[in-house]
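Good morning, everyone, and thank you for making the time.

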Amino acid sequence: MKPIYYKVIILLAVALGAGYLLLPDPKEEISAYLKDGNFQEAYRLTDRLVKGGNRDPYILVELAKLQSLVGDLDAYEETLKLILKTDPGNLEIHEMMLNFYLTLEKEDGYFEQLDYLARHSPDLQYLETLIGRRRLQGQYEQETELLKLFAARGEMPTVYEQRLVMLLLKDGNAKEALSYFRKMDSDRDADQTLWPMRAQIFKLLLRQGQNEEALERAGHWLENSINGSPLTIGLTIMFNECLKFGRADLISNLSSQVIAKHPQMSFLASSYALKLGNKAQVNAYLDALIAANYPFSDGDAETMISLKSTIGDLDGAISFLRSYGPDKVSHDAIANLLEDLFASHEDVIAEEIGHYLPQEQLPFYPLVASRFALMEGNRSEANYYFKQVELENVTKSQTGLWFDLARQLLSADDLIGLFTLIKDLRALPEDLLSNYADFVRNLDESEYMRVLTVLGGAFPVQGVEPLYANDGLAQ
Amino acid sequence: MREVVLQALVLFIRVTVIVAGMAGSCFAQSSIAPSAKAERFEPFVKRTVLALYDSRDEKEPVDTNIHAYLEMPLNYLGYEVDYHDIQQGLPSVDEMRDKKAVVTWFHRSLVNWKDYLIWAEECIRGGTQFVVFSQVGGIDSQESKKLTNRFLAQLGLKNHFSFLFDTSDAGYEVIDRKIYAFEREPFRVLPNFDYFEAISPETRIHLSVHFADQTGLKQSALITTNANGAFVHSGYEFDYEASVNLMQWLLNPFELFETVLGRHAFPIPDTTTLYGNRIYFSHVDGDGWNNVSFMEKYKKDRVFSSKVMLEELIKPYPGLPVSIGLVTGDFDKAIGGTDDGLEIAREILAQPQVEVASHTHTHPFDWNFFENYDREKELALLKKKNEESSSAPTGVIGSVETILNRISPDVKTDNYILDGLKGALRAYLRFPFDLDTEIKGSLDFATQQAPKGKKAEILFWSGNTRPFEAAIRASRLAGVRNLNGGDSRYDLSNPSVIYVPALSRVIGDQRQIYAAASNEETFTNNWKGPFYGFAALEETLKNTEFPRRLKPFNVYYHSFSGERANAIKAIQTHLDLARDGPYFPLTASHYAAIADSFFEARIEKLGSMRWAIHDRDFLQTLRFDHADELGVDWLNSKGVIGQNRHAGSLYVALDASVAVPVLAIMKRDDANQVVASVPFLESSRWEVRNVNHSDCDTGECKLTFEANGFGRGEMLWKGLPKGCYRVVAHWSEGAFDQQISVGEDHLLSVTLPFASQRTVSVEIHSLLKPDRAMPAREKVAG
């Protein structure tokens, strides 16, 4: 090649380069249009550039924004997809697409983008939203998987921790649930949602024989609890499990701890001490409250009277009732006290306390009404009220009074007849069956055997609370 | 004869004594008219359900769960809901007389629990059904427990008053998927529950859970029905997910109510459909009337958004009615308005398809404040707001103004304008609030801007759309319908039928009709953008069409949409759909009138499948659901002109010219045999009335009727014998003549030309052979 050609080529190249440098930068041009509010020109230019093959991300994004501005929604979506083709991990574009689908309420596109962002964006809000959505839809497998993903990213909010553990437990993945729980558990004060989960973990640990860990964790939870009210459900579940496993010591231990922090929990502790047959402990818990001038609510007062009465401290119950004010407690509380007084044959005091129960309320407490009628010598009225009580509905605390009345008002055959109508004696309280077994022992051998079969080794059980009473159910 | 008179006298005295002496007792009601007798003496179908609520927890009916979640399904099934506050005592005999059922959703024990439980049991014994959601109402006492269980026994249940704290070992026993798992799957981890035992073989269990206690395995019935009603346990009816602030039903309320109240008990007055087509209407709140548009095409000339609306959304759609609600204060200089936009208002209202409406005078935002109006308080708030706004950065104020701004920037300096500011009570505060100016004054002003012969027909509620009783009454006294509120949506952001509201809201003795869809504000983040968001109305439109047509197609927007190109485009998409699709276009006041008529209509039962419809006024559609096997019994019906099917429902069209039509239905096989020779309307975009036809089985088949409506009169007739027909139509300014052939499908499709809403007389008659003199295509004159 001749040197002249080289010169020409070089000159041309220089000219082209200079021309290129002198031409306005399209980005600057677009920016200027946008600054002036000349969207139409900006749109025209970006559209032309992209159609001409320009794939500069800045130009593509500006085009998309302009398409959105004028409402060319299909084109907007296509441009965003085009950007993602070359840059699939561009989170900003995924966010734009997510907002686009959300604004247009397009479910499929929205969830596709949300899923991507939940898994790839450092911003946890996407993961949180997806978890919430899946939970709302009842898609628990996906929720569990996403909660695990959240757990892997860092500290879980309390509500997620509870959900993950409860879902894993429900699915039978106890080991995994425990593993997550151990990683996430802290001693912080917990609310109503967290305590049931803690209780389930406590149950699990007991069932796996890891009593020490159960007690240690529970101890920490109680120590750090600030608000006492959310504890009731959790402790009830925990205490029931202890009862199942015959671990009175754990109940006693935890009771002491919780009462020290939250005196109002004395009532719950008392009810479990009662189930364990430890009446002295019940009395100690209750007397401590009185000694500490505990501010009893009406509900507390009723529980106090009921517990005192049930453990046989009738004087204590009456004294408390009088000092608190009989007009402030419910008719139920007074009637229950009367039932216990009658069962203990304290008819004179019962008559006195009976004045606190309005006459028109008596029909709602037929055992009490029957007893009063009998005291007045009105046998037919006593009979009438007694018959209002269906045997299946006699509660444990009513057993004594019911049997007293039954023996006074019914013949032996009639009394046995009432029981023979009950096909499944397991529906009746054990105290009642125990009384009945005593009664029927020398009267009807086959019926006696039927009762014994139900009672099994628990007979005679008078005065002893069954360890497994009221599993999970609170009245 | 003497005996009859004597018996009547005894009955009269009995009734008088019972009514006078036992007000408040359902027993009295049942003594007078036990259900069986009621059928004989009161042949009108009972379509009212009484909602009892406790104002300690839910202040007004609009605040109740029943209004929020149950009233829409009940309306859909044809029932009106009356509200009664249990704090005001128990409903009287009069209130119970026409009630089909009572529905309760108490959140705690009632103060008058004893009276209530006794009354409720008596009501059930007297034939009133009870649907109990959540708490029954009793307290924790032996007496209450007994009364509760006496009441529940009527529903086939017993409450053991045992609360299961630990549900970890509990599981589902029965899941009736027809009634349960409606919008989502059941809970994986069960919420706590009480032990409710089904005590009767008649109790149908739709959801139950099993659990174990010391006496063995138990089953708690959480959702049940029987002949006396239903029970729905708290916590199992729907789910609220706090992290996304969204709700979904677990229970299917439509199926529950249909199971309890009965299927095909009566033809359901329908407010979604006319002449076989889904109703379409559009209305505009005049907010932002004088705002300058940002659109490229208009911004240079500082064109108002209202003018853009006229050019882009009204003029190009002459066949689609639109009701324009002016905020008349916008034109009142004395309070800070401007008359710049008045000419535009006049031009818009002069368009033939535009209905005149008011969107109040000063645009109240918080209606509650004005019920017991205190000017001093208002001025104090105004002062506070002005201080806040003057200290706020310009940018913020600017953006706030944009939200609802209808005032040009020049007059914004007026200290008596609080437009768009968060917490503002109304837009124009120059003068004290005056209800008459707000309602009648604004309607009169709107009428004055319209051409002669047109007047304001409807008022659109502003702001929080919770007008007080006197305000609604004022609109009724002014002789107009009222609309707005409800914010109906059913889409990704509102993923449940829960977000579709009832037909109306009742306050005192007044009724506010809700709009049938939400407006562009809720789709655009309160007009902060993206402004194309209103395009998403399409999703709500689809979801309220299938599997049930729950609402009409309502395009509801504000004048300020004219500011943005993409907002205009979104609305145009909906208008295109309405113009080209199978809809029945009408005005907003017509829709509100239909909704009002829903509550007025009375249905008289004439036989097991035959009813007379009284007082239906503007309501011309009756519906049967699950009606694949049902059809109109044309020979035993009167004033019934059409039928159409959608999503398993049968929609029956009535002739507006017949005062008391009679509808008879029959099994479809039988009906099909009949329809072959009876012409009936399948669908129409126009109202069709005064329909008469000859016996098409013999001789010439001739059909005459009158029709009118917006746009083109597309209609489809069915049941015409095969052959050639001539369609001739006349109206005041024109005529139409066309030959159409009917084939094996017995369908005759005709489109009457644009007739500017004039009444058109139409005759369709069969030809022995095609008239050669007539061209096959239509001939239009005028």
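Predicted model: local features only at pLDDT ≥ 70, side-chain atom pairs only at ≥ 80, totals over all residues.

Let us begin with the interface. As a general point, the size of an interface is often given as the accessible area lost when the parts come together. Here, chain A and chain B bury about 4500 Å² between them, and 53% of that area is on carbon and sulfur atoms. If you count the residues that take part in the contact, you find 57 from chain A and 55 from chain B.

What kinds of pairs cross this boundary? Between chain A and chain B there are 27 residue pairs in polar contact, counting pairs in which both residues are at pLDDT 80 or more. On the side of chain A that touches chain B, the element that gives the most is helix H8 of chain A, residues 125–137, which supplies 7 residues. That side of chain A is made up of 25 nonpolar, 17 polar and 15 charged residues.

Side chains of opposite charge can pair when their charged atoms come close. Across the interface of chain A and chain B, 10 salt bridges are found. One of them joins A:Lys203 to B:Asp169, with the closest N and O atoms 3.9 Å apart.

Now let us move to chain B and its sheets. Strands of a sheet pair through backbone hydrogen bonds, either parallel or antiparallel. In chain B there is an open sheet of 8 strands with mixed pairing, and its order reads S2-S1-S3-S4-S10-S9-S8-S6. Which strands stand at the edges of this sheet? They are strand S2 (80–85) and strand S6 (171–175) of chain B, each of which pairs on one side only. From one strand to the next, the twist averages 25 degrees.

If you look for a residue pair to point at, B:Leu50 stands opposite B:Val102 in S3 of chain B. Helix H8 of chain B, residues 253–261, lies across S3, S4, S8, S9 and S10 of chain B, and runs at about 150 degrees to S4 of chain B.

A second open sheet in chain B has 4 strands in the order S24-S25-S30-S27, and here the pairing is antiparallel. Its edge strands are strand S24 (602–607) and strand S27 (630–632) of chain B, and the twist averages 30 degrees from one strand to the next. S24 of chain B is joined by 5 bridges to strand S25 of chain B, residues 610–614, and in this pairing B:Arg602 stands opposite B:His614.

There is also a hairpin to look at, formed by S20 and S21 of chain B with 2 residues between them. These strands, at residues 504–507 and 510–513 of chain B, run antiparallel and are joined by 4 bridges, and the bridge partner of B:Arg505 is B:Gln512. In the turn, B:Gly508 has a positive phi of about 60 degrees.

Returning to salt bridges, the count over all chains comes to 81. One example is the pair of A:Arg322 and A:Glu352, whose side chains meet at 2.0 Å, N to O. This pair links distant parts of the chain, since A:Arg322 belongs to helix H19 and A:Glu352 to helix H21 of chain A, 30 residues apart.

Finally, some backbone details. Where are the cis peptide bonds to be found? One joins B:Gly529 and B:Pro530, with omega about 0 degrees, and B:Pro530 lies in the loop between helix H17 and helix H18 of chain B. Another runs from B:Phe546 to B:Pro547, and B:Pro547 lies in the loop between H18 and strand S22 of chain B. B:His363, a residue other than glycine, has a positive phi near 55 degrees, and sits in the loop between strand S17 and helix H12 of chain B.

Methods. Residues numbered from 1 in each chain as written. Chains lettered and ligands numbered in written order. Heavy atoms only, no water. Contact = heavy atoms within 4.5 Å. Buried area = accessible area lost by both parts, 1.4 Å probe. Salt bridge = Lys/Arg side-chain N within 4 Å of Asp/Glu carboxyl O. Polar contact = N/O pair within 3.5 Å; in protein donor to acceptor, adjacent residues only side chain to side chain. Nonpolar A, V, L, I, M, F, W, Y, C, P; charged D, E, K, R; others polar. Pairing = 2+ DSSP bridges. Axes fitted to C-alpha atoms, helices over the stretch in contact; angles between N-to-C directions.
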